[in-house]
Amino acid sequence: QVQLVESGGGLVQAGGSLRLSCGASGLTFSWYNMGWFRQAPGKEREFVAAISWSGGRTYYSDSVKGRFTISRDNAKNTVYLQMASLKPEDSADYYCAGLTDWGTFTPKYWGQGTQVTVSS
């Protein structure tokens, strides 16, 4: 059974930083491209960032490019999202996902989410 467990969310002031983590089990983590998505209240879930299975490629949405950094540690079966220069509009539930491929970034597996609130 695949499990993705996010952690690291919380309340932070605008301009601050947070690092989200996502631990994976039940899958061969190093085979999977991984991604982060987010969903704000009343909005659709949106893509945030992706990292290839080796960590050699990354891709970001325009809204977070230059502020967020995705990384992974295959030895620890963990993917991270370092978020900096946070804005109130970054407030959302953040979800880790195992992706089916690179390019479409279609999720195959989801975590349960972790909440991020950025106060102004």
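## A buried arginine

Arg 72 is buried (under 20% relative accessible area, where exposed is over 50% and partly exposed lies in between, using a 1.4 Å probe and protein chains only), yet Arg 72 has no salt bridge, and the nearest side chain of opposite charge, Asp 73, is 8.2 Å away. A salt bridge here is a side-chain nitrogen of Lys or Arg within 4 Å of a carboxyl oxygen of Asp or Glu. For charge, Lys and Arg count as positive and Asp and Glu as negative, while His and the chain ends are not counted. The model you are looking at is predicted, so local features need pLDDT of at least 70 and side-chain atom pairs count only at pLDDT 80 or more, while totals for chains, interfaces and linings use all residues. Residues are numbered from 1 along each chain as its sequence is written, and side-chain values use heavy atoms, with hydrogens and water left out.

Beyond its neighbours within four places in sequence, Arg 72 has contacts (heavy atoms within 4.5 Å) with residues including Tyr 32, Asn 33, Trp 53 and Val 79.

## The nonpolar cores

Now look at Val 79 from its own side. Leaving out residues up to four places away in sequence, Val 79 touches Leu 20, Cys 22, Trp 36, Ile 70 and Cys 96, among others. Val 79 is also one of the residues with the most contacts inside the largest nonpolar core, together with Trp 36, Leu 81, Met 83 and Tyr 94. That core has 28 residues. A nonpolar core is a set of buried Ala, Val, Leu, Ile, Met, Phe, Trp, Tyr and Cys residues joined through side-chain atoms within 4.5 Å.

Strands that each supply at least two residues of this core include β3 (18-25), β4 (34-39) and β8 (78-83). The most comes from β3, with four residues. Apart from this core lies another, of six residues, among them Phe 47 and Leu 99. In soluble globular proteins, nonpolar side chains tend to be buried together.

## Leu 18 and its neighbours

Leu 18 sits in strand β3 and counts as buried because its relative accessible area is 16%. How far apart in space are Leu 18 and Met 83, C-alpha to C-alpha? The distance is 5.2 Å, although the two are 65 residues apart in sequence. Leu 18 also touches Leu 81, Leu 86 and Val 116, among others.

## A network of charges

Unlike Arg 72, which has no salt bridge, Arg 38 forms one with Glu 46 (2.6 Å, N to O). Arg 38 counts as buried because its relative accessibility is 6%, whereas Glu 46, at 34%, is partly exposed.

Arg 38 forms another salt bridge with Asp 90, with the closest N and O atoms 2.9 Å apart. This pair links strand β4 with the loop between β8 and β9, 52 residues apart. Arg 67 pairs with Asp 90 as well, at 2.7 Å between the closest N and O atoms. Asp 90 is buried, with a relative accessible area of 1%. Together, Arg 38, Glu 46, Arg 67 and Asp 90 are linked in a network of salt bridges.
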